[in-house]
Amino acid sequence: MASTCEACGGQGVTIPRGGECGTCNGNGVVRERKKVNVDIPGGVEDGMRLRVYGEGDAAPTGATANQNTRSIRGDLYVFIRVAPDSRFGHSGSDILYTASIPMTTAALGGEITVPTLESEVKLKVATGTGTGDTVTLGGMGMPKLGSKRNANGDLRVELKVSMPKYLSANQRTILEMLADELGDSGAKRVMNIGRSNASSQGKDPLDSSSKSSESNKNEGFLKSAWHRLTHAEDHAPASQSASDSSSGEVAEEDEPKKAAGGG
């Protein structure tokens with residue numbers, strides 16, 4: 001019955017104790033650290049594994065190995081962990097981006113600038129855009145792994161309407177007039193331009209607003225707003241001139257009394 005020699009491992013030679021190599025201690029390999037440059041392909045996702053050939057550990061040959069034996073190095077496996085980005089998110093090969101737009105741009109439409117992975121592009125905003133609406137820019141995402149045509153994913157831009165927290169007097173006035181034009185009776189009124197005009201004339205605000213809206217319904221919003229502002233300015237000087245005239249009459253009546261008392 002044949003068996004392999006336990007002393008030499010079938011090599012026919014042995015190294016006596018104390019005669020091992022001082023560098024590898026008879027293992028045939030030396031452990032060391034080194035840095036390896038790894039090419040990361042575009043489109044990798046969190047949890048993927050890359051294989052780098054020939055950059056792994058070498059198998060120990062041991063004290064019984066032949067002196068001419070060369071160990072074959074193994075492979076290095078690199079596990080990918082994708083760090084979060086402050087601007088972009090991703091879903092597969094698609095890039096996700098959230099853009100804030102003013103409410104005026106959302107209502108009137110317009111154009112904004114959004115970043116991409118390489119540069120910036122102009123994005124058209126449709127009239128009446130609301131929060132949560134998404135615009136897709138094809139081919140501006142990450143490369144698709146395994147694609148033969150080097151295809152890319154899409155850039156999906158989610159629009160978020162930014163509402164002002166504080167309004168100036170002019171801004172609130174314009175918005176209240178817009179609410180009147182749109183027939184929004186639930187909006188809060190602070191300036192009350194239409195009601196102040198009606199109350200100064202001693203009329204019912206509801207009747208006057210309805211009549212004014214009927215008379216100016218064909219004029220458009222700008223003309224209607226201009227009429228409301230000019231009417232508000234017309235009534236203020238009238239009341240002021242009335243008070244000035246009444247004070248002038250009182251002054252004229254007091255002057256004869258003072259003259260009679262002096263004589």
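**Contacts, a helix and salt bridges**

Colleague: Leaving aside neighbours within four places in sequence, which residues is Glu176 in contact with?

Modeller: This is a predicted model: local features need pLDDT of at least 70, side-chain atom pairs count only at pLDDT 80 or more, and totals for chains, interfaces and linings use all residues. Residues are numbered from 1 along each chain as its sequence is written, and side-chain values use heavy atoms, leaving out hydrogens and water. Contact means heavy atoms within 4.5 Å. With neighbours within four places set aside, Glu176 is in contact with Lys188, Arg189, Val190, Met191 and Asn192.

Colleague: Is Glu176 buried or exposed?

Modeller: Glu176 lies in helix α2; helices (H or I, at least four residues) and strands (E, at least two) are DSSP runs, numbered from the N terminus. Buried means under 20% relative accessible area, exposed over 50%, and partly exposed in between, with a 1.4 Å probe and protein chains only. At 6% relative accessibility, Glu176 counts as buried.

Colleague: How far apart in space are Glu176 and Val190, C-alpha to C-alpha?

Modeller: Val190 is on the contact list of Glu176. The two are 14 residues apart in sequence. From C-alpha to C-alpha, Glu176 and Val190 are separated by 8.2 Å.

Colleague: Which exposed residues does the face of α2 turned away from its buried side carry?

Modeller: The buried side includes Glu176. The face turned away from it carries the exposed residues Asn170 and Leu182.

Colleague: How far apart are the end C-alpha atoms of helix α2?

Modeller: The expected span is 1.5 Å times one less than the number of residues. Helix α2 has 14 residues, 169-182, so it should span 20 Å. The model agrees, with end C-alpha atoms that are apart by 20 Å.

Colleague: How much accessible area does the nonpolar patch of Leu167, Leu175, Leu178 and Leu182 have together?

Modeller: Patches use residues with over 30% relative accessible area and no salt bridge; like charges are joined within 9 Å, nonpolar side chains (Val, Leu, Ile, Met, Phe, Trp, Tyr) within 5 Å. Leu175 lies in helix α2 and is partly exposed at 31% relative accessibility. Areas come from the Shrake-Rupley method with a 1.4 Å probe; for residues, only the protein chains shown count as cover. Together, the four leucines have about 330 Å².

Colleague: How many salt bridges are there?

Modeller: A salt bridge is a side-chain nitrogen of Lys or Arg within 4 Å of a carboxyl oxygen of Asp or Glu. One of them joins Glu55 and Lys34, with closest N and O atoms 3.2 Å apart. That pair links distant parts of the chain, 21 residues apart: Glu55 is in the loop between β1 (49-52) and β2 (76-79), Lys34 in the segment before β1. By the rule above, the number of salt bridges is 5.

Colleague: Which residue forms a salt bridge with Arg189?

Modeller: Arg189 is also one of the contacts of Glu176. The closest N and O atoms of the bridge are 2.4 Å apart, and the partner of Arg189 is Asp180.

Colleague: What separates the C-alpha atoms of Val114 and Val157?

Modeller: Val114 lies in strand β5, residues 110-115, and is buried at 1% relative accessibility. Its contacts beyond four places in sequence include Tyr97, Leu137 and Val157. Val114 and Val157 are 43 residues apart along the chain, and their C-alpha atoms are separated by 8.3 Å.

Colleague: What share of the residues in the chain is buried?

Modeller: The chain has 5 helices and 8 strands. It exposes about 19,700 Å². Of its 263 residues, the buried ones make up 18%.
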